Amino acid sequence: MKIDYRSGNSIKTQIPLDYKEYLKRKEDKQQQQQQQQQSTQPTGAITYKRKDRLDEQFRQIFMKTGIVTQASGSCYLEIEKTKVLCSVYGPRATPKTELFETAKLNCELKYATFSSNKEKFDYLENTKEKDQSLIIYQSIIGSLRLDKYPKTVVDVYILVLNDDGDVLVSAITAASMALADAGVEMYDMVASCSAVCIKDATLINPTAQEETLTEGAGKILVSKMPSHNNITQLIQTGELNYNNVLESVNLCIDGSDKIYSIMKQNLIDSLLRQQKKDGDGNEINGITTNAADDQMEE
Amino acid sequence: MEAFQKIHPLEFYRKFLERSVRPDGRSLTDIRKTTLSVGSITTCSGSSFVKIGNTSVVCGIRAEVGEPPSINQTGIVSNQSKNHSYIFVNVELGPICSNAFSSSKPSEKAMSLGTQLNALINRLDIPTTDFYFDNEGKARWYLYVDIYCLDYDGNITDASIIAMLSALKNVTLQQGIIVEPNQYFKDSEQPTRKLSIQNNYFIPLSFAVIDDYILSDPCLEEEKLSSGQITITFNENQEICLLLYTGTNGIADDHLKKCIQLTKNRFDFINKLVNENNS
């Protein structure tokens, strides 16, 4: 068992909910019960309409690479209020990896304790974080050429600072950008997109509120490598009928293509920025990293 | 030149220090550019982001409600409530900020820094009434201050102290309703309030000692090479709240005096920085 060494409060505390929200939920529950008594048909007819954007519209995305100076590669990504930081270390040698023919990929997602105002996150890794780490791992491992780096390990660490929905999409995108920034050889960058289905509407790029609107709502996550037109990961959870699945997968594929174009543009911009900086008098970083790559290949 | 730096880093530094400059172009007393922004994280009650050079730190404060331990009716209330802490500070130096740290357990550096900050936070005389959840104070707010390092390039102590202070200034608490025992709700119709932290700022500055030279605001490389480190923290009344010296050699009296003077000079800058962002 893991022991937490951090200082804590001996008193049990909880996050208080909003009183208005509580009253509203109580009312809704009573209504539902009444309806269920009147008719035998299942209700669950929650209608929801987006106010500020269209159903298939994305929120504003901002990303920047190379902001953690200590890491080999890093990326900070913001989808409006959702904020994610990813840093990549490696490929580096560790005593454990001596036996591996290919590089080993480690992926770790952590929520900051203050990242959510509904859910409590501990300092220790919980099951949700483990599960999401694995999803990210599976999404990006297909894109990397790990056979180029034998006996090494590539570490990907992701920290969620603010959770306002679509954390997985941001994390996968940030991880892929950070890996590209670190110069790890890959077939293509992985772009990702998710959707939530509420009744008939398919909401792309949902907020935290939309994600928790209905329990058991259909959720779809697609990660793909757009230039190869390969899907690296497809996850569907919750109740959805067949036609809805096809439709949302198509919508998500379109969405990832859009994200990919932003990623590509950002990577080009960051390279140009670096080149300009190097041109100002410092030694050129590009050459040294290339030389290191060549050595690795030999 | 690069090879010389890699093989004999200390000699490399000495060559610079003899001429009273550092390899990154700063003089011995220069402090890296310090920036601060508050309230960027929407899911918590108060937050701040501090950057000193490349070192960046994000601090978020999570407010939770709990019942304080029952106070003895006959006992002196004020004495007990003073010893009772409402703020808990924790520092996370995860693997994300540097490859020197692992994710499995908190590093010694993080734990010692956390203890120092916890000791320091009790010096802020915040009235107990500020933490009342309802009017009578049956339940209280407890603040969990979490400091995450995002980029570790030396002088983490200064960055975390500034981040902690400005995040606390940024905290907004709401009055609440207790419906049943152990059922707490925020009442969004009531006005929010801030903690009354006045005239109680912390002004920190750290130094690294290499040979006989004192370098203010050391970067990671300098911290690694140094034989000792000094941290001085002043409060608004120019009293020393925290003075730490760790190192193998002793420190001369006039060196320490010089350090104290340098920290005093930093006073106005930090004061202005925190106030401007929180007005």
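This report covers the interface of chain A and chain B and the strands of chain B that take part in it.

**The interface**

The model is predicted. In it, 43 residues of chain A are in contact with 53 residues of chain B. The size of an interface is often given as the accessible area lost when the parts come together. Here chain A and chain B bury about 4100 Å² between them. Carbon and sulfur atoms carry 57% of that area.

What polar links cross the interface? Between chain A and chain B, 14 residue pairs are in polar contact, with both residues at pLDDT 80 or more. The salt-bridge rule finds 0 across the interface of chain A and chain B. Yet charged residues are present: the side of chain A that touches chain B has 11 of them. That side also has 19 nonpolar and 13 polar residues.

Several elements of chain A each supply at least two residues of the side that touches chain B. They are the helix α1 (19–38) and the strands β1 (17–18), β4 (82–92), β5 (104–111) and β6 (153–162).

**A strand pairing between the chains**

Which strand of chain B pairs with β1(A)? The partner is β8(B), residues 183–186. The two run in the parallel sense, over 2 bridges. On the chain A side, A:Leu17 stands opposite B:Phe185. A:Asp18 stands opposite B:Lys186.

Within chain B, β8(B) also pairs with β7(B), residues 176–180. This pairing is antiparallel, over 4 bridges. B:Ile177 stands opposite B:Phe185.

| Partner of β8(B) | Sense | Bridges |
|---|---|---|
| β1(A) | parallel | 2 bridges |
| β7(B), residues 176–180 | antiparallel | 4 bridges |

β7(B) and β8(B) form a hairpin with 2 residues between the strands. In this hairpin, B:Asn182 takes a positive phi near 70°.

**Chain B as a whole**

Chain B has 279 residues, and 52% of them count as buried. Its secondary structure comes to 7 helices and 13 strands. How much of the contact set in chain B joins residues 24 or more positions apart? Of the contacts with a separation of 6 or more, such pairs account for 67%.

Note on methods: Residues are numbered from 1 along each chain as its sequence is written. Chains are lettered from A and ligands numbered from 1 in the order in which they are written. This is a predicted model: local features need pLDDT of at least 70, side-chain atom pairs count only at pLDDT 80 or more; totals for chains, interfaces and linings use all residues. Side-chain values use heavy atoms; hydrogens and water are left out. Contact means heavy atoms within 4.5 Å. Buried area is the accessible area (1.4 Å probe) that two parts lose on being put together, summed over both. A salt bridge is a side-chain nitrogen of Lys or Arg within 4 Å of a carboxyl oxygen of Asp or Glu. A polar contact is a pair of N or O atoms within 3.5 Å; within protein, one must be able to donate a hydrogen and the other to accept it, and residues adjacent in sequence count only if both atoms are side-chain atoms. Ala, Val, Leu, Ile, Met, Phe, Trp, Tyr, Cys and Pro count as nonpolar, Asp, Glu, Lys and Arg as charged, and the others, Gly among them, as polar. Two strands pair if DSSP finds at least two bridges between them. Buried means under 20% relative accessible area, exposed over 50%, partly exposed in between (1.4 Å probe, protein chains only).
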